[in-house]
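Visitor: I would like to learn how to read single features in a model like this one. Could we go through a few of them together?

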Amino acid sequence: MKYAYFLKGWEEEMLETTVLAQNESSIEEFIRNVKKRNVQLLANKTAPIMGWCNTYVPEEIILAAGIIPYRIMGAPGPLILSKTYLCGNICGNVQSLLECALRGDYKFLDGMIIGASTDATKKLFDSWLRYAGTPFNHLFDIPKFVHEGVYLHYRESINSLSEEIEAHFGNKITESSLKEAISTCNKTRTLLTILSNLRKNEKPPVSSQKMLEICKLAMISDKKFFNNELESLLSKMKIANIKSSAYRILLTGSFQDQPWLLESIEENNALVVCEDLCTGLRYYIGLVDEDVEPIEAITKRYIEKKPPSATMISFDQRADFIFKLINEFKVDGVIYHMLKFDDPYLFEFPDMREFLESKSVPMLRIETEYTTSAMGQIKTRLQAFMETLRFTKYRKIKANKNGQVYQKIRI
Amino acid sequence: MDKFTRKLEFENLWGLLKQKREKQTSPFYTLKATKLRSSLLGRLFRRAYQKDSVVAWRSSFVPSEILFALNIIPFAPEGVISMFANSHLTDEILRVAEDHGCSRDTCSFLRGIEGSVINDYMPMPDFLIATSMYCHGSAQVFKSLSKKYKKDFFYIDVPFHYERPYAVDYVAKQLEGMMKKMAEKSNRKFDVDKLKQTIIYSNQARNYFAKVNKLRQNKPSSMLGGEAIDYAIMLAHTFGLPEMVEICKTLYEELKERIDKGIGAVEGEKHRILWRQLRPYYTNALFDYIERTHKAVIVFEEANCVYWKEMNPEQPFKSLAKKLLSNYGFGQVQRWLDFTSSFIIDYNVDGIIEFAHWGCRYLSASTQIVKDKILQDKNIPILVLDGDCIDRRDYSDGQIKTRVDAFMEILNRRKG
């Protein structure tokens, strides 16, 4: 919290509007600067750019080879070209990635690393290679189990990726370049965590939409520049200790990089205070130990320290992590978002619902197709959920006064 | 849950079978080996419900040889769901799973398992084992069920880059560790000699089955695809048993006899079809229509491919690891394409039919690449039938038959 100032007493009411406006303006300025730099970076390429998808792909290796890691993301809209090459019953995000590649959105990439996290992404690689190929293509194999026994598998994946990158780009990955890359990535993660943690306050100084945008920028920008700018932003951020009646929401589930879902949630007197998403906490929580042998440390970070996604066969770790977030961020309700055909989350959902029910945490399940097509229906369901939260919150207060545990609610 | 509950599960299942079963008489079971196969699977199925059996639920590809070496009964829930579908028992089971929160977009084999567990139809496992091959969902479901049953879950992590030098030892070590732990937990002896013996049986059965596949290259085809495709489940489930050797030997001898006598599976064979993926288990009409009505014999099913080499009993774990890693569908699509291309030549194929199971992203997502490459390189037409192997609610017999008719017209025209 060293970057934040706490204001107390009557001043906060007076300064409320000013503080919020100042924060917003600082964030806007930060985003403008980073985006401007990104445009320059793409226009005057000084280093190769490597596309990647899946948060289990170690960016450190790419950076250590003097290459800029660039997370590719899809774009909402009709899927026309990808339908020709992939079957229709595959996750919309995967289809959208291929759609963007086929229509030339990623022509600037010098290479692509696809994380083999699910059956769908393994197959995306086959189609990518044949129909959208970049000069360098690599399928990064990921063990699906959080256990020491799979370290060897992940280490071998790193070694193979390093060898192929070195052979293709002619750039050597040395121990010192790897250590420097680890330090840079750790700094990005630390700064993002600090920014996200500011939302533990009742009135978060950064909205979920902006947090999402910043996290996405972290994945596609020159990391050193990004870190400097974010550090400067954090020094300007101020927290106003203002009361808020908004429901505090944790969003978890499938890949989500579009702000429309967050906007829809927050239209209903709710605040998304943390996102257990691949474009959220699952990207930046967990540091690589800088005092350990680099490959060993990277392996440990990605297999054990990083919050697991549902693709890892590790429901207990996921559930514990989410419950920890619920307590830390004082969450009133959880929204579980699933992309249609995204199997890991579709299969996980019944267990997660049971878990949250056992903890008396209200939960809403939303299924989308990576587009805004069903927005009307989703908005209605969100409104109903917020009504339930109002009821639950009231009962929670009442029950606490009486020293009773409030009743479970199933939605 | 104690072992006594298996009685309850069996009673539940028995009640279901008695009340609602719609018995389908298969028009395909013409061979003695097929009857032996059904009898063996039936025996294993019944033993899985016995109070004193040690039962391991295994997802596809988990090596059964290890389980037989420990005298543990393998139980393949996916296979059992296909059996339920065959008797039209899955409608209710799938509905129960969906009510429980399972999405209808997920694989119906796995949804069926969840529904059957909720309804207490499945025998309580002592162990649950899954691999990282093919189906990611099965590992998730097994892990979840292991928690429900409070039983040990084993996960065999098989590297997708099967060719990397560390892969064999990495998988072998996991298999050995699993066997040791299972032996310890079930008070069985970790007996490598017994494992070697199961590998010897497995090799013998493998060799007969490979010979069967070779015989099926004969023109006219000696075996109907409708009968052969159900052998696929055995390929994973019963290797390591001496009975399996007998079944494969019988099958080989029966087909050889048919060939020697000049008997074809279908009189007047017109077209030779290669079948990709599995089949709709709730109907026999599709295969019957293709093979008997159109005289287009399914000469080979990829699921029946003996893709692995004979194993070395002296290195049981390494051999089993190699078997897992040599699966043609595992790895990048080019590996599978190479197999398909060789089947086209070996079996003198005129056309390919693929039944694309709705819930399977892994198998269905490669379809377009296969279509492009096979058409381009081999000039063989492919019919892709989108459907579901278990869930019959969206199956439209008329539509499917219309598409089969159109495909047969293409094949007829190509033959002039």
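Visitor: In which helix is Glu291(B) found, and is the residue buried or exposed?

Guide: Helices (H or I, at least four residues) and strands (E, at least two) are DSSP runs, numbered from the N terminus, and Glu291(B) is found in helix α13 (residues 285–293) of chain B. Buried means under 20% relative accessible area, exposed over 50% and partly exposed in between (1.4 Å probe, protein chains only); Glu291(B), with a relative accessible area of 0%, is therefore buried. This is a predicted model, in which local features need pLDDT of at least 70 and side-chain atom pairs count only at pLDDT 80 or more, while totals for chains, interfaces and linings use all residues. Residues are numbered from 1 along each chain as its sequence is written, chains are lettered from A and ligands numbered from 1 in the order in which they are written, and side-chain values use heavy atoms, with hydrogens and water left out.

Visitor: Which residues is Glu291(B) in contact with, leaving aside its neighbours within four places in sequence?

Guide: Contact means heavy atoms within 4.5 Å, and by that criterion the partners of Glu291(B) include Phe28(B), Leu224(B), Val266(B) and Ile298(B). A polar atom of the Glu291(B) side chain lies 2.8 Å from the backbone nitrogen of Ile298(B).

Visitor: Where is Lys295(B) placed, and what is its phi?

Guide: Lys295(B) sits in the loop between α13 and β6 (296–301) of chain B, and has a positive phi of about 55 degrees although it is not a glycine. Its relative accessible area is 29%, so Lys295(B) is partly exposed. Lys295(B) is also one of the residues in contact with His271(B), which lies in strand β5 (residues 271–276) of chain B and is buried, at 2% relative accessible area.

Visitor: How do helix α6 and helix α7 of chain B pack?

Guide: Axes are lines fitted to C-alpha atoms, for helices over the stretch in contact, and angles run from 0 to 180 degrees between N-to-C directions. Helix α6 (residues 108–118) of chain B and helix α7 (residues 136–149) of chain B pack at an angle of about 10 degrees, with their axes 10 Å apart. Because angles under 35 degrees count as roughly parallel, α6(B) is roughly parallel to α7(B). Among the residues making the contact are Leu110(B) and Ile113(B) of α6(B), and Val141(B) and Phe142(B) of α7(B).

How values were computed:
A polar contact is a pair of N or O atoms within 3.5 Å; within protein, one must be able to donate a hydrogen and the other to accept it, and residues adjacent in sequence count only if both atoms are side-chain atoms. Angles under 35 degrees count as roughly parallel, over 145 as roughly antiparallel, 65 to 115 as roughly perpendicular and the rest as oblique.
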